[in-house]
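Biologist: I have a model open and would like to go through it with you. Could you take me through its parts one at a time?

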Amino acid sequence: MATTSFPDASPRKHHRDAQPALPALRRDAPRSASVSRAVCTVRSFPDNLVITSAEPEFARPFGLSSGEICGYGLLDLLHSAVPDRLREQFVALSSGRQPRFTEKVTGKDGTGVDFHADMTAIAVRGLAGGTSGAVVLLHHPAAAAPGPAAPAPAPMAPPPATRQVAHEGPLLSALDAQVLEGVARGESTVQLASRLYLSRQGIEYRIGQMLRRFDTPNRPALVSRAHALGMFAAGQWPPRVLPERVKP
């Protein structure tokens, strides 16, 4: 998943004539497994949607680390079948004409081979109500491994570490969960305050607390981290925080 900030929300600059060169393709890079939550953040819209932060799962399909992918233009890494289709979708996202979109895209993995994915971008509103960024999620199927198929293993209980994955991340109060859902939907402070019958200062206080708890600098990054931690129910819109992530 990626986050895109539409005004210049990061000190790092990106210019078309000074774009970082792609590193040499890693021939030994492993093909990525199926990714359901792959997140990155981008800015400098509508120039080139520069990636400012990314989860490892987002960078791995390109043969890059989460640090190496920062500074690249999202539209240089991913393409749709229709020219300029992605740019037009992000223009509509930035102007507020649509809160989110999903598009089929193509990129190159760490071995230089094309992969196909579904990309979803969700607008995030800033303090003044305008679009301050977007969270971008990437999902693509796992590549088939070469060689004969191995026999299916007998069913067995998942190890303790696997069972605990669903409970990673902080537990939220019911009200904080509603605030986080609203931020993920792209609601502004004023809209959240009106819907939840709170003051604007109350909304900002709760969002500020969550920024600290999730160790994130802004709203797009907060939504990005929440997606990466599996806080939201998969494939559901509008987004809903999972019941097990809400304090009883």
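Biologist: What covers the buried residues of helix 7?

Modeller: The cover includes helix 5 (174-185), helix 6 (189-196) and helix 8, where helices (H or I, at least four residues) and strands (E, at least two) are DSSP runs numbered from the N terminus, and buried means under 20% relative accessible area, exposed over 50% and partly exposed in between, with a 1.4 Å probe and protein chains only. Please keep in mind that this is a predicted model, in which local features need pLDDT of at least 70 and side-chain atom pairs count only at pLDDT 80 or more, while totals for chains, interfaces and linings use all residues. Residues are numbered from 1 along each chain as its sequence is written, and side-chain values use heavy atoms, with hydrogens and water left out.

Biologist: Which residues of helix 7 are buried?

Modeller: Ile203, Ile207, Gly208, Met210 and Leu211 are buried there. On the face turned away from the buried side, helix 7 carries the exposed residues Gln201 and Arg212.

Biologist: How far apart are the end C-alpha atoms of helix 7?

Modeller: They are 20 Å apart, which agrees with the 20 Å that the 14 residues of helix 7 (residues 200-213) should span at 1.5 Å a residue; the expected span is 1.5 Å times one less than the number of residues.

Biologist: And what follows helix 7?

Modeller: Asp215 does, with a positive phi near 55 degrees, and its place is in the loop between helix 7 and helix 8. At 62% relative accessibility, Asp215 counts as exposed.

Biologist: Where does Tyr197 lie, then?

Modeller: Tyr197 lies in the loop between helix 6 and helix 7, and its phi is near 60 degrees, a positive value in a residue other than glycine. Tyr197 is exposed, with a relative accessible area of 76%.

Biologist: Is Gly230 buried or exposed?

Modeller: Gly230 is buried, with a relative accessible area of 9%, and its place is in the segment after helix 8 (219-228). The C-alpha atoms of Gly230 and Arg245 are separated by 9.3 Å, the two residues being 15 residues apart along the chain.

Biologist: Changing topic, how many residues has the largest nonpolar core?

Modeller: It has 26 residues, and those with the most contacts inside it include Phe58, Phe62, Ile69 and Met119; such a core is a set of buried Ala, Val, Leu, Ile, Met, Phe, Trp, Tyr and Cys residues joined through side-chain atoms within 4.5 Å. Its largest share, five residues, comes from strand 5. Apart from it lies another core, of 24 residues, among them Leu180, Leu211, Phe214 and Leu222.

Biologist: What does the secondary structure of the whole protein come to?

Modeller: It comes to eight helices and six strands, in the pattern β-β-β-α-α-α-β-β-β-α-α-α-α-α along the sequence. Buried residues make up 46% of the 248 residues, and among contacts (heavy atoms within 4.5 Å) with a separation of 6 or more, residues 24 or more positions apart account for 62%.
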